[in-house]
Amino acid sequence: MDLLKKVELLLNAKTRSALPRRSRHSLADDEEAALLAEIRQALGDVEAKERELAGRIQVEQAGATAAAERGDIENHLAHTRRAADLEYHLRQESTMAINLEEKLAALEEKLAQAQAAVDREAAKAAQRSAAADAVIDRSEAGLDERMQSILNSSPPPPKDVELKTRKSRLSE
């Protein structure tokens with residue numbers, strides 16, 4: 001009886017392990033992908049904004065230098081002030097970019113760990129499946145002989161006493 005239970009358990013494990021676990025997409029997978037895409041998009045926007053601010057800072061500094069060479073102190077101070085404001089905004093954008101890169105790296109690390117766990121589970125399932133196949137292959141010969149002996153043996157003939165007792169109970 002234990003052998004039959006073991007074989008049944010192994011067959012059940014084999015049928016369950018045939019389904020890949022990570023290929024099924026869940027709502028969490030879709031949310032992770034959407035969040036990852038959103039962070040990448042935001043990071044790209046911030047980097048574009050940084051490049052734009054850096055270009056504007058260079059224009060303002062060139063204007064300040066030109067105004068200083070002409071002796072126009074008022075324009076020189078205005079360009080310098082705008083360049084300082086732009087540098088402040090550039091630092092804020094840089095800080096935002098660094099934070100987004102950290103979030104992106106953390107999320108990618110978490111996804112990599114989840115994928116590694118899925119791969120480990122798939123390897124374990126494959127190993128269990130191989131073990132189940134091996135046990136089934138080994139026990140098929142012994143199981144067939146045992147089943148044949150059970151099928152070939154006929155049930156014992158009913159005793160006449162039991163039959164008479166049953167009939168007497170029914171007639172009462």
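Because Glu121 and Lys124 are 3 residues apart in helix α3, about one helical turn separates them. Glu121 is partly exposed, with a relative accessible area of 41%, and Lys124 counts as partly exposed as well, at 42% relative accessibility.

The mean pLDDT of the chain is 77, and 65% of its residues reach 70 or more. Among the elements of the chain, helix α2 has the highest mean pLDDT, 85, whereas helix α4, residues 160-171, has the lowest, at 61. Where pLDDT is low, the predicted coordinates should not be read in detail.

Glu108 forms a salt bridge with Arg40, the closest N and O atoms being 2.6 Å apart. Since Glu108 lies in helix α3, residues 73-152, and Arg40 in helix α2, residues 27-70, the pair ties together parts that are 68 residues apart in sequence. Glu108 is partly exposed, with a relative accessible area of 33%, and Arg40 is partly exposed too, at 44%.

Turning to Glu60, this residue forms a salt bridge with Arg82, and here the closest N and O atoms are 3.0 Å apart. The pair again links distant parts of the chain, with Glu60 in helix α2 and Arg82 in helix α3, 22 residues apart. Is Glu60 buried or exposed? At 14% relative accessibility, Glu60 counts as buried, because the cut-off for buried is under 20% relative accessible area. Arg82, by contrast, counts as partly exposed at 37% relative accessibility.

Let me finish with the nonpolar side chains. The largest nonpolar core has 8 residues in all, namely Leu36, Ile39, Leu43, Val46, Ala97, Leu100, Leu104 and Leu107. To this core, helices α2 and α3 each supply at least two residues. If we leave out residues up to four places away in sequence, Leu104 touches Leu36, Ile39, Arg40 and Leu43. One of these contacts, Arg40, is also the residue that forms the salt bridge with Glu108.

How values were computed:
Residues numbered from 1 in each chain as written. Predicted model: local features only at pLDDT ≥ 70, side-chain atom pairs only at ≥ 80, totals over all residues. Heavy atoms only, no water. Salt bridge = Lys/Arg side-chain N within 4 Å of Asp/Glu carboxyl O. Helix = DSSP H or I, 4+ residues; strand = E, 2+ residues; numbered from the N terminus. Buried < 20%, exposed > 50% of the residue type's maximum accessible area, 1.4 Å probe, protein only. pLDDT = per-residue confidence, 0-100. Core = buried A, V, L, I, M, F, W, Y, C linked by side-chain atoms within 4.5 Å. Contact = heavy atoms within 4.5 Å.
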